[in-house]
Amino acid sequence: MIVSKLKPIPQILKSIENLDNIFILGCGTCSTTCKSGGEEEVARIKQELLKIGKKISGTAVCETPCVASQIKITLAKNRKALEQTKAVLILACGSGVQSTKDNDRMGLKMLPGCDTLFAAALDAKNEFKEYCSHCSECVLDVTNAICPITRCAKGLLNGPCGGMNKGKCEVDKDKDCAWVLIYDEAKKFNELSLFKKVQSAKDHSKSVKPHKLILES
Ligand code: SF4
Ligand code: SF4
């Protein structure tokens, strides 16, 4: 899931100060889950815009705006309202905003209403946790499913830095040192020899952006 948060209201209002007839588009998947762009937030932003006298040409929550087949359906269903629209304020992640732009055939102005933060897993305490930085060369097989790239503040691949203190990271004392966690798991599975092997440097040519993957049909 992609975690995003609503931009501060003054910032949203500033971005539309010279525009009227705004269409507000939400996302029914990630942005609904992290409460940055579901039905509730779309209604809230609509009220904020109405309060300052802006006209709203329409609102919609697309199930998954980052999937072409779905955003196309939402745009087609709302065509009449969109024909009156000067700009679409999109409460979704950056992929949702750009996918909407790519699939719009009317050449509308697209504005982001959210800041995109990270890809996350949602735990049982409703906390979004960043576990993966999408490095394109996963080493979780070696580290017993604890990612050193993401969970070590320095992204170290070959053991801890010298700053760990009582199992906590020197960069953020509230966080466990990822390499202590990796050590504990290696010990549990009798794999401490891991610490005698050197992981070769990452091949950053594999993670050149923007990434693209074409599914075979
Ligand atoms: S090593 Fe970490 S950042 Fe790389 S793919 Fe695996 S989990 Fe993601
Ligand atoms: S203390 Fe541990 S988690 Fe923090 S930067 Fe050093 S090795 Fe990484």
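How many nonpolar, polar and charged residues does the shell around ligand 2 have, by class? The tour returns to this after an overall view.

This is a predicted model, in which local features need pLDDT of at least 70, side-chain atom pairs count only at pLDDT 80 or more, and totals for chains, interfaces and linings use all residues. Residues are numbered from 1 along each chain as its sequence is written, while chains are lettered from A and ligands numbered from 1 in the order in which they are written.

**Whole chain.** Display the protein chain as a cartoon. Its secondary structure comes to eight helices and eight strands (DSSP runs numbered from the N terminus, helices being H or I of at least four residues and strands E of at least two). The radius of gyration, taken over C-alpha atoms, is 22 Å, well over the 17 Å that the globule rule gives for 217 residues, so the chain is more spread out than a compact globule. That rule is 2.2 Å times the number of residues to the power 0.38. Along the principal axes, the C-alpha atoms fill a box of roughly 65 × 45 × 30 Å. Of the 217 residues, 25% count as buried (20 or more other C-beta atoms within 10 Å of the residue's own; exposed means 12 or fewer, partly exposed in between, with C-beta atoms placed from the backbone).

**Ligand 2.** Select ligand 2 and the 14 residues around it (C-beta atom, placed from the backbone, within 6 Å). Cys-152, Pro-160, Cys-161, Cys-169 and Cys-177 come nearest. By class, this shell has 11 nonpolar, one polar and two charged residues (Ala, Val, Leu, Ile, Met, Phe, Trp, Tyr, Cys and Pro count as nonpolar, Asp, Glu, Lys and Arg as charged, and the others, Gly among them, as polar).

**Helix H8.** Move to residues 178–188, where Ala-178, Trp-179, Ile-182 and Tyr-183 are buried. Seen down the axis of H8, these buried residues fall within an arc of 135 degrees, so they line one face of the helix (the arc is that of the directions from the helix axis to the C-beta atoms). Helix H7 (148–151) is included in what covers them. On the face turned away from the buried side, Lys-187 and Lys-188 are exposed.

**Asp-141.** Finally, select Asp-141 in the loop between strand E8 (128–129) and H7. With 7 C-beta neighbours inside 10 Å, Asp-141 counts as exposed.

Technical notes: Contact = placed C-beta atoms within 7 Å.
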